Amino acid sequence: MADDEIIIYHNPNCGTSRNVLAALRARGREPKVVEYLKTGWTRPQLKSLLKTMGLKARDILRVRGTDAEARGLTALSASEEAIIEAMIAEPILVERPIVVTPKGAALCRPADRVEALL
């Protein structure tokens with residue numbers, strides 16, 4: 001990652017994701033846009049993002065509009081690895097948008113969380 005690079009893991013169908021992208025551009029920043037529903041996730045990528053954010057997979061698990069509950073991923077017994085495996089198999093299970101800047105990474109939900117990364 002370049003010293004001033006910004007990456008947004010983006011879903012263009014999500015209003016919050018579109019708002020964060022617009023906020024970045026309004027600040028004169030043109031991020032690298034990764035449409036993760038098209039590109040998918042890798043285990044190293046997810047683990048790295050989680051480590052940078054200081055979160056567990058459960059913290060970025062998207063439940064609304066997904067089958068996460070039916071898969072048993074919301075159960076307290078669901079392991080970190082099981083959740084990550086599911087996210088790799090079904091990228092929609094990752095909440096969005098995630099923004100990475102030289103200052104760190106965050107799930108920018110609500111959208112104003114992006115300000116702390118700029």
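Good morning. I would like to begin with Arg-96, which is located in the loop that connects α4 (80–89) and β3 (98–101). Please bear in mind that this is a predicted model.

What is the nearest side chain of opposite charge to Arg-96? It is that of Glu-95, at a distance of 4.5 Å. A salt bridge would require a side-chain nitrogen of Lys or Arg within 4 Å of a carboxyl oxygen of Asp or Glu. Arg-96 therefore has no salt bridge, although Arg-96 is buried.

Four strands form an open sheet with mixed pairing, in the order β2-β1-β3-β4. The edge positions belong to β2 (32–35) and β4 (104–107); each has a single partner strand, so one side of each lacks a neighbour in the sheet. On average, and ignoring direction, neighbouring strands are turned by 15 degrees against each other.

Within this sheet, β3 and β4 run antiparallel and are joined by four bridges. As for individual residues, Val-99 has Ala-106 in β4 as its bridge partner.

Finally, I come to two helices that lie across the strands. Helix α1, comprising residues 15–26, lies across β1 (7–10), β2 and β3, and runs at about 160 degrees to β1. Helix α3, comprising residues 43–53, lies across β1, β3 and β4, and its direction is at about 95 degrees to β4.

Thank you for your attention.

Conventions. Residues numbered from 1 in each chain as written. Predicted model: local features only at pLDDT ≥ 70, side-chain atom pairs only at ≥ 80, totals over all residues. Heavy atoms only, no water. Buried < 20%, exposed > 50% of the residue type's maximum accessible area, 1.4 Å probe, protein only. Lys, Arg positive; Asp, Glu negative; His and termini not counted. Pairing = 2+ DSSP bridges. Axes fitted to C-alpha atoms, helices over the stretch in contact; angles between N-to-C directions. Contact = heavy atoms within 4.5 Å.
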